[in-house]
Amino acid sequence: MKITATSLAIILLWLKTYIVYKTCFTIPIENWIQEFLLFINPLSFLMIVLGAGFYIKNRDRYILTASLVLSFILYSNVVFYRFFNDYLTIPVLFQTSNMSDLGSSIDELIIWQDLLFFIDTILLAGLLKLRPVFLRISSVSQSEKRAFFLSAIAMVLFNLGLAETERPQLLTRTFDREMLVKNIGTYNYHLYDLFLQSKSSAQRALADGSELAEIANYVQAGFKEPDKKMFGIGKNKNIILISMESTQNFVINKKVNGQEITPFLNEFIKESFFFENFYHQTGQGKTSDSEFLVDNSLYPLSRGAVFFTHAGNQFKASPEILHHYGYFTASLHANNKSFWNRDIMYKSLGYDRYYSLADYHVTEKNSVGWGMKDIDFFQQSVRHLNEMPKPFYAKLITLTNHFPFELDEEDQLIKPYTSNNKTVNHYFPTVRYTDEALKLFIQQLKDQGLYNDSVIIIYGDHYGISENHYKTMGEFLGKEITPFESIQLQRVPLIIHIPGMKGQTMSTVAGQIDLRPTILHLLGVETKADIQFGTDLFSKDRLQLTLLRDGSFITQNHVFAKDVCYDKTTGKPIEKRFCMPYIKKAKTELEYSDKIIYGDLLRFYNKHDLIRNHRGDSID
């Protein structure tokens with residue numbers, strides 16, 4: 001029995017895709033229907049795309065090119081998944097300007113065995129050249145073509161029908177890419193993602209101010225008054241905001257090889273407000289998402305990074321607001337100014353100045369991994385802070401504790417963890433280095449007379465250890481990393497140091513989205529009229545609820561993750577009804593925030609009204 005080149009290419013890609021699903025992605029399977037869907041979901045797409053070669057004159061070249069392109073798409077998802085535990089989206093693919101800066105991170109994610117991803121294409125090329133006897137060379141008749149495409153369409157309908165039965169409202173759960181890949185496949189997921197991108201592009205053109213009124217009513221109905229004792233307590237003080245790259249909360253007060261991982265932060269916490277249940281809420285934009293959350297109190301997008309997809313939007317960010325109150329606003333980051341599109345986005349956020357790579361003296365000696373070492377970065381940044389008009393709002397973004405966590409031996413203040421996981425082993429020395437850099441920076445602020453005139457806020461931007469390394473993390477923490485524990489690992493440090501105030505550990509459930517109203521209220525700036533989804537961390541009436549970008553959420557007593565409700569005390573699944581009161585609220589807030597971004601709705605919000613609605617004309 002002979003087989004056409006088209007059928008052979010389909011079978012090879014189909015089997016390869018399924019093998020990749022099982023070996024390179026962590027896709028939970030709960031029953032045989034889900035396994036069956038995972039097996040068949042690439043087939044319909046491959047039949048349609050490769051079957052198009054029946055109508056192309058140079059069929060062999062088309063089949064070979066299509067196989068190579070589809071193999072590359074599949075492989076790109078594998079490389080992306082190795083660190084981000086996520087699948088590529090169209091907006092992420094547009095972020096190609098970042099690629100030149102990824103350097104060692106890409107090198108770490110690509111291994112020589114990856115050549116096996118293209119072995120089927122190489123085999124197909126050889127067979128097309130050699131034309132063995134089992135390969136059918138004769139043309140395909142019209143009736144065969146018709147039967148082929150009818151079979152492909154039937155497979156599409158069967159796949160979608162079965163998927164919708166297994167997971168109702170599948171195509172409305174766009175935040176859950178894993179669910180989409182499991183049910184409709186990687187290739188169909190990318191087609192659907194293209195549809196979503198086209199839809200989002202059209203939303204701005206069709207948007208008007210009427211939607212903003214509904215959102216504003218929702219936001220203002222949920223506004224919580226600030227604590228009177230804390231409101232304005234930092235009036236006229238500088239704000240020094242420090243974003244700690246990839247720093248998770250589990251390192252605080254922990255030891256490795258008998259040595260403290262964060263000895264300085266452990267002490268600094270004692271004289272500061274430390275929020276032990278503070279979560280990062282980033283999506284695919286990682287550090288840029290954390291910046292967006294902190295400055296805007298809006299949620300990031302589920303696909304791509306706002307810094308790239310909507311840098312031209314109008315925002316009402318804290319830098320713009322504080323500029324109107326006499327603050328000089330700046331961001332300091334020793335990286336290329338265009339990385340994550342910051343040079344464009346910072347203008348939209350209202351920053352007066354961006355101190356980028358060109359403003360630092362960077363050498364081979366003071367660099368490692370992604371760039372300038374944190375100790376040198378802080379040392380040079382102090383000079384910039386001294387030169388700024390006072391008061392200032394300055395955000396500093398560290399680099400050293402970035403995947404793949406490289407550090408020169410002479411800079412290692414603790415030995416790496418000992419396991420068979422290189423990533424986890426190297427994570428602790430780079431965290432320790434950043435901790436030392438912060439210690440020296442705080443001392444420099446004291447030496448320069450800036451310390452007592454500044455509110456210092458230190459926070460983690462996003463996770464550093466992804467789900468791919470949870471087995472080793474479980475060994476380090478001494479417990480299995482369940483979906484419940486995975487949510488707990490999304491906690492990052494938040495330390496707020498206010499001159500003259502005693503330290504206190506705060507247990508309120510909170511997230512990065514809460515920092516904007518907190519900072520503005522500490523400076524005596526009213527935010528009641530603002531469009532924001534965060535709540536002042538010091539408000540006595542704040543709702544104990546933090547939403548993550550994937551739809552998960554945390555309350556005082558419960559955690560909701562992957563459609564399962566957990567009791568926070570036991571970490572065990574409980575009846576979903578205990579989480580039901582918050583599920584609708586979570587969906588509503590994420591949808592409202594998305595509407596603001598996709599529709600650029602804040603352009604309908606008069607910024608002069610925003611300033612007038614704040615308490616007084618100035619904060620003097």
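Predicted model: local features only at pLDDT ≥ 70, side-chain atom pairs only at ≥ 80, totals over all residues.
User: What makes phenylalanine 264 and phenylalanine 268 a stacked pair?

Analyst: Among the 40 aromatic pairs in the structure, the rings of phenylalanine 264 and phenylalanine 268 have centres 5.3 Å apart and planes at 20°. Ring centres must lie within 6.5 Å to pair, and planes under 30 degrees apart count as stacked, so this pair is stacked.

User: Why are phenylalanine 264 and phenylalanine 268 separated by about one helical turn?

Analyst: Both belong to helix H13, residues 263-268, and because they are four residues apart in that helix, about one helical turn separates them. An α-helix has 3.6 residues a turn, so residues three or four places apart point the same way.

User: How do you know whether phenylalanine 264 and phenylalanine 268 are buried or exposed?

Analyst: The cut-off for buried is under 20% relative accessible area. Phenylalanine 264 has a relative accessibility of 14% and therefore counts as buried, and phenylalanine 268, with a relative accessible area of 2%, is buried as well.

User: What makes the aromatic pair of phenylalanine 378 and phenylalanine 441 stacked, and which helices does the pair link?

Analyst: The distance is 4.5 Å centre to centre, with 25° between the planes, which is to be set against the limits of 6.5 Å for pairing and 30 degrees for stacking. Phenylalanine 378 lies in helix H18 (residues 374-387) and phenylalanine 441 in helix H19 (residues 422-447), so that the pair, 63 residues apart, links distant parts of the chain. Phenylalanine 378 counts as buried because its relative accessibility is 0%, and phenylalanine 441 counts as buried at 0% too.

User: Why is strand E8 called largely enclosed by the rest of the structure?

Analyst: Five of the five residues of E8, which spans residues 328-332, are buried, and the strand is therefore largely enclosed by the rest of the structure. Phe328, Ala330 and Leu332 point one way from E8, while Thr329 and Ser331 point the other way, and all are buried. In a regular strand the side chains alternate between the two faces of the sheet.

User: How do you know that E8 pairs with E12 and with E9?

Analyst: Pairing requires at least two bridges between the strands. E8 and E12 (residues 392-397) have five bridges in the parallel sense, with alanine 330 opposite alanine 394 in E12. E8 and E9 (residues 353-355) have three bridges, again in the parallel sense, and leucine 332 stands opposite tyrosine 355 in E9. Together with helix H17, residues 342-349, E8 and E9 make a right-handed β-α-β unit.

User: What makes arginine 353 a residue that lies over the face of tyrosine 355?

Analyst: Arginine 353 is at 4.1 Å from the ring centre of tyrosine 355, where the distance limit is 6 Å, and the charge must also be within 35 degrees of the ring normal. The charged end of lysine 446 sits over the ring of tyrosine 451, at 4.9 Å from its centre.

User: Why does glutamine 169 count as exposed?

Analyst: Its relative accessible area is 56%, so glutamine 169 is exposed, the cut-off being over 50%. Glutamine 169 is found in the loop between helix H9 (142-166) and helix H10 (177-184).

User: What makes helix H22 largely enclosed?

Analyst: Eight of the eight residues of H22, residues 515-522, are buried, and the helix is therefore largely enclosed by the rest of the structure. The buried residues include Arg516 and His521. Glycine 524, which follows H22, has a positive phi near 85°.

How values were computed. Residues numbered from 1 in each chain as written. Heavy atoms only, no water. Buried < 20%, exposed > 50% of the residue type's maximum accessible area, 1.4 Å probe, protein only. Helix = DSSP H or I, 4+ residues; strand = E, 2+ residues; numbered from the N terminus. Right-handed = clockwise from strand over helix to strand, strands pointing away. Phe/Tyr/Trp six-rings, centres within 6.5 Å; stacked < 30°, edge-to-face > 60°.
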